[in-house]
Amino acid sequence: MRSVQVVRLDGPAAVEVRDVPEPQRRADEVLIEVRAAGVNFPDVLRSKGLYQYKSDLPFVLGSEVAGVVREAPDGSPLTPGQRVVAFSDTGAFAEVVAVGADHVLPLPDEVSFAAGACLPMNYLTAHFALLVRGHLQAGQTVLVHGAAGGVGTACIQLAAALGARVVAVVSTAEKAEVARAAGAHETVLADGFRDAVKSLTAGAGVDLVVDPVGGDRFTDSLRCLAPAGRLLVIGFTAGEIPTVRVNRLLLNNIDVVGVGWGAYALARPGYLAEQWAALEPHLRSGALDPVISETFPLVQAADALARLDERKVTGKVVLETS
């Protein structure tokens, strides 16, 4: 089979598409024929050896996949030929992948393989962030940073589907269009967003800030919060990890909340299936519809990774095997 391998830690241009033997399924794994794979920023970091988890060279990139079950464990509810999505540590950028059965979820017929490959990481993170860590309620106002990115658009769509008002923070007019298409009710530019949010909310502030960016926006994000508001720390795509003066939390009874979906979900058997069941009605209705920036064939994986590395992506980038 063809697979996208990291053979040296020199970034996207150094990955190679190689013919390798198909993986052998262990007893607790599902063998999946890959139709599409989601490309994520950690894949770029892995290609440079900068990700927090290291793999021995050479290794196959990719952690999000949509495809068709070829083989499943005895007694599994999954059956050969069934459409599924899955996530794994590595191995998704290939024509066949073996994934632990607990990490494989049924893909509704209404959702394409390309869209399905965008779902596991971002939308399960969005669900965990907004509901478990953020305690979002219908009628509340959510401010989303990085609103044209994969996590940002997922949070916009889910928050809107749950009855929240969504204000998207973007850096350009083009990205504002992406955020509005994803369901944002209002958009504001990152430059001066604090004053814009104050105006939009008549000085009341927002109930929830979703922050996958970090960097120098952090303090103004805190200042955007209404009393008892929550700032959700999801990532640091700006590169800088901000610090917080805790007196700000005390003065307005606000919270800074860490969002580590993987650490939480993978330690709780059955939790992923619960999350998926909660998302499924919104998937079937079309309320959750991943924003796909570009699709590439598997053999152009280096180009797909480079797009992320150059920060030229809105929504998600997808690899397709055929």
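Visitor: Which strands make up the open sheet of three, and in what order?
Guide: The order is E2-E1-E4, with antiparallel pairing. Strand E2 (15-19) and strand E4 (59-60) are at the edges, each with a single partner strand, so one side of each has no neighbour in the sheet. This is a predicted model: local features need pLDDT of at least 70, side-chain atom pairs count only at pLDDT 80 or more, and totals for chains, interfaces and linings use all residues.

Visitor: What makes E1 and E4 a pair?
Guide: Two strands pair if DSSP finds at least two bridges between them. Strand E1 (residues 2-6) and E4 have two, in the antiparallel sense. So they meet the cut-off. Val6 stands opposite Phe59 in E4.

Visitor: What is counted as a strand or a helix, and how many of each are there?
Guide: Both are DSSP runs numbered from the N terminus: H or I for helices, at least four residues, and E for strands, at least two. The protein has 11 helices and 16 strands.

Visitor: Why is E7 called largely enclosed?
Guide: Buried means under 20% relative accessible area; exposed is over 50%, and partly exposed lies in between (1.4 Å probe, protein chains only). Four of the five residues in strand E7 (residues 96-100) are buried, so the rest of the structure largely encloses this strand. E7 pairs with E3 in the antiparallel sense over five bridges. There, Glu29 has Gly100 of E7 as its bridge partner.

Visitor: What is the cover of E5 like, and which strands pair with E5?
Guide: Strand E5 (residues 64-71) is mostly covered, with six of its eight residues buried. Strand E3 (residues 29-39) pairs with E5 in the antiparallel sense over seven bridges. Ala37 has Val65 of E5 as its bridge partner. Strand E6 (residues 83-87) also pairs with E5 in the antiparallel sense, over five bridges. Here Ala66 has Val85 of E6 as its bridge partner.

Visitor: Is Lys316 buried or exposed, and how do you know which?
Guide: Its relative accessibility is 5%, so Lys316 counts as buried. Lys316 lies in strand E16 (residues 316-320). Contact means heavy atoms within 4.5 Å. Neighbours within four places in sequence aside, Lys316 has contacts including Glu64, Cys118, Asn122 and Glu294.

Visitor: What makes a set of residues a nonpolar core, and how many residues has the largest?
Guide: A core is a set of buried Ala, Val, Leu, Ile, Met, Phe, Trp, Tyr and Cys residues joined through side-chain atoms within 4.5 Å. The largest has 51 residues, and Val142, Ile156 and Val210 have the most contacts inside it. Apart from it lies another core of 31 residues, among them Ala72, Val99, Leu305 and Val313.

Visitor: What makes Arg8 and Asp10 a salt bridge?
Guide: The term needs a side-chain nitrogen of Lys or Arg within 4 Å of a carboxyl oxygen of Asp or Glu. The side chains of Asp10 and Arg8 meet at 3.0 Å, N to O. So the pair qualifies. Glu16 also bridges to Arg8, with the closest N and O atoms 3.9 Å apart. The structure holds 19 salt bridges.

Visitor: How exposed are Asp10, Arg8 and Glu16?
Guide: At 53% relative accessibility, Asp10 counts as exposed. Arg8, at 40%, is partly exposed. Glu16, at 30%, is partly exposed too.

Visitor: What does the Glu186 and Arg165 salt bridge tie together?
Guide: Their side chains meet at 3.1 Å, N to O. Glu186 is in strand E11 (residues 186-189) and Arg165 in strand E10 (residues 165-170), so the pair ties together parts 21 residues apart in sequence. Glu186 has a relative accessible area of 22%, so this residue is partly exposed. Arg165, at 26%, is partly exposed as well.

Visitor: Which residues do salt bridges with shared partners join into one network?
Guide: They are Arg8, Asp10, Glu16 and Arg18.

Note on methods: Residues are numbered from 1 along each chain as its sequence is written. Side-chain values use heavy atoms; hydrogens and water are left out.
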